[in-house]
Amino acid sequence: MRNIKMTIEYDGTRYKGWQKQNIKGTSINTIQDKLEILLEKMTGEKIQLIGCGRTDSGVHAKNYIANFKTNTTLSIEEMMQYCKKYLPEDIVIRDMKNASERFHARLNILSKTYIYTIDNNEYQDVFVRKFAWHIEKKLDIKKMREASKFLLGTHDFQSFTSLKAKNGKSTVRKINYINIEEKDNLIKIEFNGNGFLLNMVRILTGTLVKVGMGEIEPSDVLVILNAKKRAEAGEKAPAKGLCMWCVNY
């Protein structure tokens, strides 16, 4: 049996996230569902597509990694061409290759990188509106960078997730770096860590924006982190500005 590794790019605007949702009698439009249906038609087999993680409804991906096992004799080129022909234009298979039997798109991850984009122009740029959060008020990038330093390293990020505190899952994660760059009033916040909790990147972004708007001080981020209470952090940034950029193995 072959183990096929895929690199996927998608515009998540019209999808309910990556993960398929088994709600009886209801059709849920997710990236995983769309791809599994296509791969099953291509191979004639039942396919279980393993993704490198969940993305929320409306979130995008540049280099999303997934894998599936199959007995098909189709070549990589034939499979690539089939996907190119039948996938909708907002999902693209950028690469496909035979992987080792032990490769697992989720369990083998060392770190993930997400990028959040903010359009900080006075007027919204219509050409990036589906992929950026428009904030008219000028943000203080220097203060946002200062605040981001309190988030680096291994911490309990309970304040920055929508996960319920009593669900039994660990909320400890490690953030390796946060880079905040601005060019032509387009701000990109790059997060890299060993894993991210439900809505974590969007809540971190919302909190950094509060700093940038002068609503809280950079040092308040440390207070919020130590409080371990979701209510202390900023609001979730809109999903459309978030992109899973890459996964490192």
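A nonpolar core here means a set of buried Ala, Val, Leu, Ile, Met, Phe, Trp, Tyr and Cys residues joined through side-chain atoms within 4.5 Å, where buried is under 20% relative accessible area with a 1.4 Å probe and protein chains only. The largest such core has 67 residues. Keep in mind that this is a predicted model, so local features need pLDDT of at least 70 and side-chain atom pairs count only at pLDDT 80 or more, while totals for chains, interfaces and linings use all residues. Residues are numbered from 1 along each chain as its sequence is written, and side-chain values use heavy atoms, with hydrogens and water left out.

**The core**
- I8 and F160 have the most contacts inside the core.
- Helix 4, residues 200-212, gives the most to this core, with 7 residues (helices are DSSP runs of H or I, at least four residues, and strands are runs of E, at least two, numbered from the N terminus).
- Beyond residues up to four places away in sequence, I8 touches W18, L35 and Y64, among others (contact means heavy atoms within 4.5 Å).

**T207**
- T207 sits in helix 4 and is buried, at 1% relative accessible area.
- Its side chain reaches the backbone oxygen of I203 at 2.9 Å.
- Setting aside neighbours within four places in sequence, T207 is in contact with residues including F160, I216 and V221.

**Y114**
- An unreviewed UniProt entry annotates Y114 as "binding site"; such annotations may be inferred rather than shown by experiment.
- Y114 lies in strand 5, residues 111-119, and is buried, at 7% relative accessible area.
- Apart from neighbours within four places in sequence, Y114 is in contact with R54, E190 and W245, among others.

Terms used
Buried < 20%, exposed > 50% of the residue type's maximum accessible area, 1.4 Å probe, protein only. Polar contact = N/O pair within 3.5 Å; in protein donor to acceptor, adjacent residues only side chain to side chain.
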